[in-house]
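Work through the exercises below on charged side chains. Try each task before reading its solution.

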Amino acid sequence: MEIHDVLAGAAVLLGLVGIVVVFLPGLAFQVVAVLLWALEESTVVGWVVLGIVIAIAGSATILKYVFPHRSLRTEGVPGWVLLVAVLVAVVGMIAIPIVGAPIGFVLTVYVFERLRRGPAQAWPSTKTALKAVLTSTGIELAGGFLILAVFAAGALIT
């Protein structure tokens, strides 16, 4: 195993951390790491690994929005509440690193749903929003671990 394999592996692991801690776009970071590794390798295996990694990252990115969005729609949380919650989550991520984004998202949904639907319906909507955040993170993390496994297999083969 060469130094570029180790550095790329470290970058792929850092991408996993970025998914959980939300300080960098984890899947995109992993794809770039594998791209740079594949460019350095310049082998068929490297390019196949890159193609698989791009497919995994693309699929995970789509799925991490589709499933949570569907559950929020089923609960009746409107799109504008989700948009405001995402904007507050971005501010929360900057104001309170690591935990600010999920706290900002869930709290915003609770406040707007309480104003919009009353206290009785605010908590079920908030629980659904929390489940949506966890589902989205879980899907992205599963994709990140798949990327790690595919990269590790490719690095061992080459």
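**Exercise 1.** In this predicted model, find the partner of Lys64 in a salt bridge and state what the pair ties together.

Solution. 
- Step 1: Look at the side chain of Lys64. It meets the side chain of Glu140, at 3.2 Å from N to O.
- Step 2: Apply the cut-off. A salt bridge needs the nitrogen within 4 Å of a carboxyl oxygen, so the pair qualifies at 3.2 Å.
- Step 3: Lys64 belongs to helix H3 (residues 44-75) and Glu140 to helix H6 (residues 119-157), so the bridge ties together parts 76 residues apart in sequence.

**Exercise 2.** Are Lys64 and Glu140 buried or exposed?

Solution. 
- Step 1: Recall that buried means under 20% relative accessible area.
- Step 2: Lys64 has 13%, so Lys64 is buried.
- Step 3: Glu140 has 12%, so Glu140 is buried too.

**Exercise 3.** Determine which residues are linked with Glu113 in a network of salt bridges.

Solution. 
- Step 1: Glu113 meets Arg116 in a salt bridge of 2.9 Å, N to O. The two are three residues apart in helix H5 (residues 100-117), which means about one helical turn between them.
- Step 2: Glu113 also forms a salt bridge with Arg117, at 3.1 Å from N to O. Here the spacing is four residues in helix H5, again about one helical turn.
- Step 3: Join the two pairs. Glu113, Arg116 and Arg117 form a network.

Terms used:
Residues are numbered from 1 along each chain as its sequence is written. This is a predicted model: local features need pLDDT of at least 70, side-chain atom pairs count only at pLDDT 80 or more; totals for chains, interfaces and linings use all residues. Side-chain values use heavy atoms; hydrogens and water are left out. Buried means under 20% relative accessible area, exposed over 50%, partly exposed in between (1.4 Å probe, protein chains only).
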